[in-house]
Amino acid sequence: MFRYADSKDKLLMFFGVLGSIGDGLQYPLTMYVLSHVINEYGSSSASVSIDTVNKLLYVAIAVGLSAFVGEFSISKSNELLPEGLCWTRTAERQSFIMRMEYLKSVLRQQVGFFDTQEAGSSTTHQVVSTISNDANSIQVAICDKIPNCLAYMSTFVFCLVTSYMLSWKLALAALPLTLMLIIPGLVFGKFMVDVIMKMVESYGVAGGIAEQAVSSIRTVYSYVAENQTLDNFSRALQQTMEFGIKQGFAKGLLMGSIGMICVGWSFQAWLGTYLVTEKGEKGGSIFVAGINIITGELSVLGALPNLTSITEAMAASTRIFQMIDRTPSIDSEDKKGKALSYIRRKIQFQDICFNYPSRPDTPILQGLNLTIPYGKTVGLVGGSGSGKSTVISLLQRFYDPNQGQILLDGHKENRLQLKWWRSQMGLVNQEPVLFATSIKENILFGKEGASMDDVVNAAKDANAHDFITKLQDGYETQVGQFGFQLSGGQKQRIAIARALIRDPKILLLDEATSVLDVKSKGIVQDAIDEASKGRTTITIAHRLSTIRTANLIVVLQAGRVIESGSHEQLMQKNDG
Ligand SMILES: Nc1ncnc2c1ncn2[C@@H]1O[C@H](COP(=O)(O)OP(=O)(O)OP(=O)(O)O)[C@@H](O)[C@H]1O
């Protein structure tokens, strides 16, 4: 859990630990002083002298000061560091780095990782829940639960020590009863922790269902699937309820076991009376030793809920570190590969065989051979499921082929620096996804740090500038979640502008106009034709007519090239 604690955090935690121990020490120490006060006042011999009162006063002041020192420590830079501030500060620092490292690791995973999530779980929900809930439980554990737990444990230890100092006979005799209280507490507490962990997991499934429904709310409404969604949600919650009942049962046993305190108290009262009357022990010492034994026992029980939260936080940190330590087989952060200074020759797919990691038994590409000449437009056509989009996914290195190789200017794709390679490409999908921000930010997503002039030029090249300037807020117009506030054609043109702003050497168009009406299709197609000039372009279409102007058309069937040539050549062949 403390993997990201640097030397400053270690120093903060050191002072925090001192403060927490000091916190826990206050009560037993005060009671210890009180035992002397009671002994003095209860003494039958004489009246209490002013010297005795002064002595007790000094001890009380010393206890107060030690508590102060425990809670406030002086750091190297002479700042006064209250215990709470130490823990809060280090908790913020450590959880901040953890959140950052977690998201960084999620963003560097290969696409296949997101395909192979367990059934019923949503990756989006898992990531959001880990960043908010898991990281938060770690932060709360460090800033609150660990100091509390330390303070309780310190109270427990010092209560036992002082009670032994005051009357070792009473403390020793009470030991079996103390164990009878603590052991069931720990057992039921552990059971509760396990149940809580399972509850958290099953809440995750329910959360995933809610997240998917809300993010696809239009589909839910149009299929009148509200009840179906609620049923699924309720089924997922059902399991949580069962865990809740088990948790209640464990809690009941835990609370019930606290009844042992009454037994202990009665026993101590009987034994204490005997020790005072028969063995000459002092009343104040016996009274305070008894109270400290009970307080020590209660402190262990008080520490339990904190221990539960700490265990939860440890489980959360295991989940977070599992992701952080996950090295993807296709690593976008890997800087080892080559970044070529220019691309001027062909892209080759040589004997590619591929299946998706989530479906290892279903071959998708089966010995695909394809050559894409530099600066030309190549159209991929074929029936649904023939593997056209898969070719683009492999080119972007979302996946690696199982056999064969992809070459760029003779260099193997998997030897190229991944970020450089992907930055050479601009992709426009059938249904482009825009982010819930302004049009300007969406276009800028294509090239970090580009100027407003670049944004406007890209929008002009994509035939989008005119419609954007007619909107009330122009480039600052918010597009809504996934771009819902724009029409299909408008979204598509912004997606083209986003691809063009990075001036890609390779343009990838995956049925970019297939969902548009005739008028929008014309406008978007003009933008695409203009954008394709001088670039290697791979365009996917269902029908030959859509890619009439392509220099080369390749027909795919069941993951293989079955025909290729110009539009005329293919038309002639088909006629023949
Ligand atoms: N992420 C994935 N995980 C598992 N299988 C997938 C995945 N993506 C696609 N497939 C499967 O791979 C096959 C080829 O899909 P692909 O999207 O490449 O076809 P396509 O020719 O582009 O089809 P369409 O024209 O319908 O878009 C299909 O059978 C599809 O079910």
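## Cysteines and disulfides

The sulfur of Cys143 lies 12 Å from the closest cysteine sulfur, which belongs to Cys86, and this is too far for a bond. A disulfide is counted here as a pair of cysteine sulfur atoms within 2.5 Å. For Cys149, the closest cysteine sulfur is that of Cys143, at 14 Å, again too far for a bond. By this rule the count comes to 0 disulfides.

Cys143 is partly exposed, with 26% relative accessibility, whereas Cys149 is buried, at a relative accessible area of 9%. Buried denotes under 20% relative accessible area, exposed over 50%, and partly exposed the range in between (1.4 Å probe, protein chains only).

## Basis of the model

The structure is a predicted model, in which local features need pLDDT of at least 70 and side-chain atom pairs count only at pLDDT 80 or more, while totals for chains, interfaces and linings use all residues. Residues are numbered from 1 along each chain as its sequence is written, and side-chain values use heavy atoms, with hydrogens and water left out.

## Helices H1 and H10

Helix H1 (residues 7-42) and helix H10 (residues 283-324) have axes that come within 7 Å and cross at roughly 160°. Helices are DSSP runs (H or I, at least four residues), numbered from the N terminus; axes are lines fitted to C-alpha atoms over the stretch in contact, and angles run from 0 to 180 degrees between N-to-C directions. H1 and H10 are therefore roughly antiparallel to each other; angles over 145 degrees count as roughly antiparallel, under 35 as roughly parallel, 65 to 115 as roughly perpendicular and the rest as oblique.

On the H1 side, the residues in contact (heavy atoms within 4.5 Å) include Tyr27, Pro28, Met31 and Tyr32. On the H10 side, Phe287, Val288 and Ile291 are among them. By class, the contact of H1 with H10 has 9 nonpolar, 7 polar and no charged residues. Ala, Val, Leu, Ile, Met, Phe, Trp, Tyr, Cys and Pro count as nonpolar, Asp, Glu, Lys and Arg as charged, and the others, Gly among them, as polar.

## Helices H16 and H17

Helix H16 (residues 488-500) packs against helix H17 (residues 518-532) at an angle of about 10°, with the axes 10 Å apart. That makes H16 roughly parallel to H17. Gly489, Gln492, Arg493, Ile496 and Leu500 of H16 make the contact with Ser520, Ile523, Val524, Ile528 and Ala531 of H17. These residues divide into 6 nonpolar, 3 polar and 1 charged.

## Ser393

Ser393 is placed in helix H11 (residues 388-395) and is buried, with a relative accessible area of 15%. Not counting residues up to four places away in sequence, Ser393 touches Phe398 and Tyr399.

How values were computed: Helix = DSSP H or I, 4+ residues; strand = E, 2+ residues; numbered from the N terminus.
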